[in-house]
Amino acid sequence: MDPFTFSIVLIAGLFVLIFIRMPIALAMALVGAIGYIQLSSFASLKFYLSTAWVDKFMSYDFAIVPLFILMGHLATRSGISASIFNAARAWIGHMRGGLAMASVAGCALFGSISGSSLATASTMTRVAMPEMRKHGFSGALSAGSLAAGGTLGILIPPSIVLIIFALLTEQNIVKLFLAATIPGILAVVGFMIAISIYVRLFPEEGPTSERSTFGQRIRAIGEIWHVLVIFTVVLGGIYGGFFTPAQGASVGVVLTLFLGMLKGGLTPRTILESLIDTAGTSAMIFAIVFGADLFNVALALSRMPLDVAQYFAASDIAPMVILLGMVVFYLIMGCLMDSLSMILLTVPVFFPTIMALDFGLLPEQQAMWFGIIALVVVEMGLITPPVGMNLFVISAMAKDIPMIQIFRGTIPFIMAEFTRIAILISFPSLSYWLVDLVTN
């Protein structure tokens, strides 16, 4: 069997293992090891394994991942989510569907210091779901807005998946954070427009709430000063070049810890719980990263990514058609796999293919554009039935809402996401305009 055909067999074998519910990290590592032995030798695999752990995870850049995860866990347990939701509610809660819009805004603010979609969805659900249900919001709109709002944690900086993409493709993390800003704002605006249209069609599902006074609004903003401080210092410091992303993550941990203790939400017990959860989450991510690395090394030995890139570069197929094909693949697989696994599995093949095509962009611009599109499409998988992770998080926390209602509640937001994808594909500059503005 020639190497290219063997690589196709490896990929097919990987999907079989995933579909029979083998853990994704173990499946990629097992298939990768088999491929490595077949394409090289067992001795080479032993040598690779003896050095890969150190080479991969002693990297200074990888320190960003557990640090931002710890910052997110500390923020989750510090009790700031209630203040964030109340601030958003004070300003827009009086509108029809306003509490759902406040939930989306709260998810965006919390996601800016969490970096995790699941943490954002679960934390904001605890705070916002009871309030929406108490004010007569339907289960579908309540669950749909929180599930969709939770996806913002994967795109709005600091995003763990965005960091992994940057490390995989050797792109500048700071520039990718900047590139994600406008698409993140588009998501928030799109979700709010979706809610506005939905409650106009079904006014009984999203009633109005009482209007806050100007004084109440100012006090509500004052309640989230610590969030604004963390966001400004961490991302402002990174963007301003005062410290590297890893240093910024360290500063964020210290600030979140200090301000959380000052606010009274963090205790020795919750700090210990945050450390334990961070260790578990980091271990899971690193296991997936290592399994993906072993699998991708096997693919590299087969020259499959290079052959695919060269084939499409020399073909008469329009570059946009190839990109749309990748988007469709992401949409389908997003229904079945988690976001991090999809990025780790596909980027080593898709990224060189995209970079070999001519979209009329500079290489760095093209890399950022593809990264943002991939992240947005993967983000959709979190709210797409049947395996959207955010849907199950909401279902587990709101047991009175049938799953079919949760599925129905995500439809307006999925439509908004399709619109955003179309905009980002049609106008690539939205993904790098801010980077060019700040860095030039």
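Buried means under 20% relative accessible area, exposed over 50%, and partly exposed in between, with a 1.4 Å probe and protein chains only. The model is predicted, and local features need pLDDT of at least 70, side-chain atom pairs count only at pLDDT 80 or more, and totals for chains, interfaces and linings use all residues. Residues are numbered from 1 along each chain as its sequence is written, and side-chain values use heavy atoms, with hydrogens and water left out.

**View 1. The aromatic pair of Tyr 311 and Phe 312.** Rings of Phe, Tyr and Trp (its six-membered ring) pair if their centres lie within 6.5 Å, and planes under 30 degrees apart count as stacked, over 60 as edge-to-face and the rest as tilted; a search of the whole structure finds 10 such aromatic pairs. In this one the ring centres are 5.2 Å apart and the planes stand at 70°, so the pair of Tyr 311 and Phe 312 is edge-to-face. Tyr 311 is exposed, at a relative accessible area of 52%, whereas Phe 312, at 23%, is partly exposed.

**View 2. The aromatic pair of Phe 359 and Trp 369.** With ring centres 5.1 Å apart and planes at 75°, Phe 359 and Trp 369 are also an edge-to-face pair. Phe 359 lies in the loop between helix H18 (339–355) and helix H19 (363–380), and Trp 369 in helix H19, so the pair ties together parts that are 10 residues apart in sequence; helices (H or I, at least four residues) are DSSP runs, numbered from the N terminus. Phe 359 counts as buried at 18% relative accessibility, and Trp 369 is buried at 2%.

**View 3. Val 65 in the largest nonpolar core.** A nonpolar core is a set of buried Ala, Val, Leu, Ile, Met, Phe, Trp, Tyr and Cys residues joined through side-chain atoms within 4.5 Å. The largest one has 157 residues, and those with the most contacts inside it include Val 65, Ile 285 and Phe 370, while H19 gives the most to this core, with 12 residues. Once neighbours within four places in sequence are left aside, Val 65 is in contact (heavy atoms within 4.5 Å) with Ile 160, Ile 163, Ile 164, Ile 285 and Phe 286.

**View 4. The surroundings of Thr 151.** Thr 151 is found in the loop between helix H8 (139–150) and helix H9 (160–169), where this residue is buried, with a relative accessible area of 1%. Its side chain reaches the backbone oxygen of Ala 148 at 2.5 Å. Leaving aside neighbours within four places in sequence, the contacts of Thr 151 include Ser 117, Phe 191, Glu 379 and Asn 390.

**View 5. The salt bridge of Glu 210 and Arg 89.** A salt bridge is a side-chain nitrogen of Lys or Arg within 4 Å of a carboxyl oxygen of Asp or Glu, and a search of the whole structure finds 11 of them. Between Glu 210 and Arg 89 the closest N and O atoms are 3.3 Å apart. Glu 210 lies in the loop between helix H11 (181–201) and helix H12 (214–222) and Arg 89 in helix H5 (residues 80–92), so the pair ties together parts that are 121 residues apart in sequence. Glu 210 counts as partly exposed at 48% relative accessibility, whereas Arg 89 counts as buried at 18%.

Definitions and conventions
Helices (H or I, at least four residues) and strands (E, at least two) are DSSP runs, numbered from the N terminus. A polar contact is a pair of N or O atoms within 3.5 Å; within protein, one must be able to donate a hydrogen and the other to accept it, and residues adjacent in sequence count only if both atoms are side-chain atoms.
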